[in-house]
Amino acid sequence: MHSPLPRPLAELPIRRLTRADLVPCADLCEDRGWSRDEHRWGLLLSAGTGYGIDDPEGKGLAAACVVTSNGTDLAAIGMLLVAGRHSRQGLGRRLMRHVIESSGETPLSLYATTEGQPLYEQLGFAVVGRADRIAGHFRPMDGGRDTSPGAPPVATRPATADDLQSILRLDADTFGADRTHIIARLPAFSDRLLVAEDGGVLVGYAALWPSGNVHSIGPLVARDTATAKTLVAALAATTDRPLRADIDARHQELLGWLGEHGLERGTSTTVMVYRSPALPGDWTRRFAPLTVATG
């Protein structure tokens, strides 16, 4: 007997992914030349909703993406990946249309690579900004603290359980959405979670989490650039690994300072939105996302 022919790609069903799909998702990253980053996939599949298309020949996933919902205020799309053997056959477009249709009237956001941006523009997404990736070994100066004139005296310390409500309030004001389901996972997900205080008032927070052989910084939320510098320097002092972060390109002062301390700019991603004129929240305090996949 002959084995049944594989179903055409256009007829393959889209299904929900679960944490049981963590390894196939990591395999898909590796197939596209990305880091496997199973640690990040664990967070995304727990805090978000994954969608996937199984390979018709049983070779793992043919395509996948993740949507991280923040109530009805905003949902972030990330990790849209299509296996190389199935590229340019419409699977990415199918997944995106499915996500758009499934999201109702909720505004959507994403960080687009150069390769993906044309597809998102065709689907109706509009450009609202850019993020610059910086990476490298941080070289501390003056004990790692920012000593520029007028820099306010800000203290940093490890976050505790008692800080959670203050972090959540600051995060909601900064991102314009309730992200409790993500922020509450940061203590377990990150290697370091620091807060910045001024006079007993929480004015910033930042996390350091492992991604392959580097440590990623994100989220990075601060009342001003000086506070953001202090948080970065404090996190850098806790690791020997190279650092990485995706900094909102409007924060040129921070990007310049990071360059002075040894981090180099790499690729950029384009911030895009759908059903919204802009990202909600206060960009002046939003220096870096947790990861571009969650916004």
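## Rings, charges and pockets

The charged end of R179 sits over the ring of F175, 3.7 Å from the ring centre; to count, NZ of Lys or CZ of Arg must be within 6 Å of the ring centre and within 35 degrees of the ring normal. This is a predicted model, where local features need pLDDT of at least 70 and side-chain atom pairs count only at pLDDT 80 or more, while totals for chains, interfaces and linings use all residues. Residues are numbered from 1 along each chain as its sequence is written, and side-chain values use heavy atoms, with hydrogens and water left out.

**Charges and rings**

**Aromatic pairs**
- Rings of Phe, Tyr and Trp (its six-membered ring) pair if their centres lie within 6.5 Å, with planes under 30 degrees apart called stacked, over 60 edge-to-face and the rest tilted; the count comes to four aromatic pairs.
- Y120 and F125 make an edge-to-face pair, because their ring centres are 6.1 Å apart and their planes stand at 65°.
- F125 also pairs with Y274, this time tilted, at 5.0 Å centre to centre and 35° between the planes.
- Y120, F125 and Y274 form one aromatic cluster.
- Y120 and F125 are both buried, and Y274 is buried too (under 20% relative accessible area, 1.4 Å probe, protein chains only).

**Largest pocket**
- About 1,300 Å³ of space lies here (a pocket is an open set of points on a 1 Å grid over the protein atoms alone, where a 1.4 Å probe fits, with protein on both sides within 12 Å along at least five of seven lines; the volume is the space filled by probe spheres set on the points).
- Its lining has 40 residues, with W34, L80, T113, E115 and G116 closest to the centre (lining residues have an atom within 4 Å of a point).
- β4 gives the largest share of that lining, six residues.

**Second largest pocket**
- This one holds about 220 Å³ of space.
- Of its 19 lining residues, D248, R250, L279, W283 and R286 lie nearest the centre.
- β6 supplies the largest share of the lining, four residues.

Technical notes. Helices (H or I, at least four residues) and strands (E, at least two) are DSSP runs, numbered from the N terminus. Buried means under 20% relative accessible area, exposed over 50%, partly exposed in between (1.4 Å probe, protein chains only).
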